[in-house]
Amino acid sequence: MTSRCSDGFSTGRLTVDLGAIRANYRTVARRSAPAATAAVVKADAYGLGAARVAPALAREGCRDFFVAHLGEARVLANALPADAALYVLNGLAPGEEADAVTLGVIPVLNAPDQVRAWADAGRSVGRALPAALQVDSGMARLGLSADEALALADDAGLLGAIDLKLVMTHLARGDEPDEGLNDLQLQRFLALCERLPPAPRSIANSGGAFLAAGFRQDLVRPGVSLYGGAPHIGGAALASVATLDAPVIQTREIPAGTGIGYGHLATSDAPMRLATIGLGYADGWPRELTGRGSAWFEGAVLPFVGRVSMDSIILDIGALPAGALKAGDRVEVLGPNRPLDTVAEEAGTIAHEILARLGPRLRRVYVGEAA
Ligand SMILES: *Cc1c(COP(=O)(O)O)cnc(C)c1O
């Protein structure tokens, strides 16, 4: 048994194709026009690295960016063009207002208290500050209830103290095209918009952008589709963005009756050839893929055997000729041969979670665009 890492990467390597992200942005933007197309880059651009992804999208013409937290906005504020808008989806925690003003971000106000705090922040700097207002149209997660939105609509003093840049809501079942709730949420949203001061409107995430034209309104807010995930979009043919490969650390042959990995979850029925790769759940590769995931090498699908460990995974390499896979070779676990949506399904989750879990230990490499 040998152990070598010929290309200098002893860890998992995440290759992010910025050109593919830009191509996916164009696909969604074409589909969404005349609505403008934003980019949701929360959670470090779904694990892919917002500091590289957001500027690439800006070069493609994107001018509206969404993060979840003010801390994420801090990291990005200087990386975006001066005319870009940076929205904070979760709004501000009490006390964050001054920092948000300095950064020039646009909070998404989700509750009456947040509206009042932002109006106060504006009064203290002598101007109405830009804000987005989220209303809850049927998800019960974030945003003003219909009653709260109507009360605000009648409060001219409070409304006059904020500069309303966007009114938005979020779909609970936007990835289910035939779901009647989508139309109901759209109707409720538009009815509330009629009562509020005129402002651009936004309802659609990736799923919503591919529903009927009425869901596009003025601004669509795709996230996962920019990064290549879209189980329900089918025909739109998004490009594969993220490729994750991992090095083979060692290979071995075992006789029949050998217990494999933690808990001996698997036992060989016959002699087997195995390879152990340097990737595990500490890298964000789901332990749920135990017994269900696989890797790809030169046309062969190599199933995971036994438990996914913290730093390693054991593969059954019987599909390859003996000696074809050696220590130092790299196998693909995500990418063109292991599509994101397939991996997500195997792990019992969605593409969003597979990407967002990708950990800091992975080496991120950017391709598809001049540095
Ligand atoms: C995360 C998020 C999005 C993007 O959703 P995708 O399914 O990744 O396109 C859009 N809007 C809001 C409010 C979100 O929280």
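## Basis of the description

Helices (H or I, at least four residues) and strands (E, at least two) are DSSP runs, numbered from the N terminus. The model is predicted, so that local features need pLDDT of at least 70 and side-chain atom pairs count only at pLDDT 80 or more, while totals for chains, interfaces and linings use all residues. Residues are numbered from 1 along each chain as its sequence is written, and side-chain values use heavy atoms, with hydrogens and water left out.

## An exposed helix position

Asp-113 lies in helix H6 (residues 112-125) and counts as exposed because its relative accessibility is 57%, where exposed means over 50%, buried under 20% and partly exposed in between (1.4 Å probe, protein chains only).

## Nonpolar cores

A nonpolar core is a set of buried Ala, Val, Leu, Ile, Met, Phe, Trp, Tyr and Cys residues joined through side-chain atoms within 4.5 Å. In the largest one, of 113 residues, Val-41, Leu-48, Leu-57, Phe-65, Tyr-227 and Trp-285 touch the most other members; helix H3 (residues 50-59) gives the largest share of this core, 6 residues. Another core, of 7 residues, lies apart from it and includes Ile-260 and Leu-274.

## Ligand surroundings

Around the ligand stand 14 residues, of which Lys-42, Tyr-46, Ser-206, Val-224 and His-352 are the closest, a residue being near if one of its heavy atoms lies within 4 Å. Among the polar contacts (pairs of N or O atoms within 3.5 Å), the side chain of Lys-42 places an N or O atom 2.7 Å from a ligand oxygen, and that of Arg-221 places one 3.0 Å from a ligand nitrogen.

Technical notes
Polar contact = N/O pair within 3.5 Å; in protein donor to acceptor, adjacent residues only side chain to side chain.
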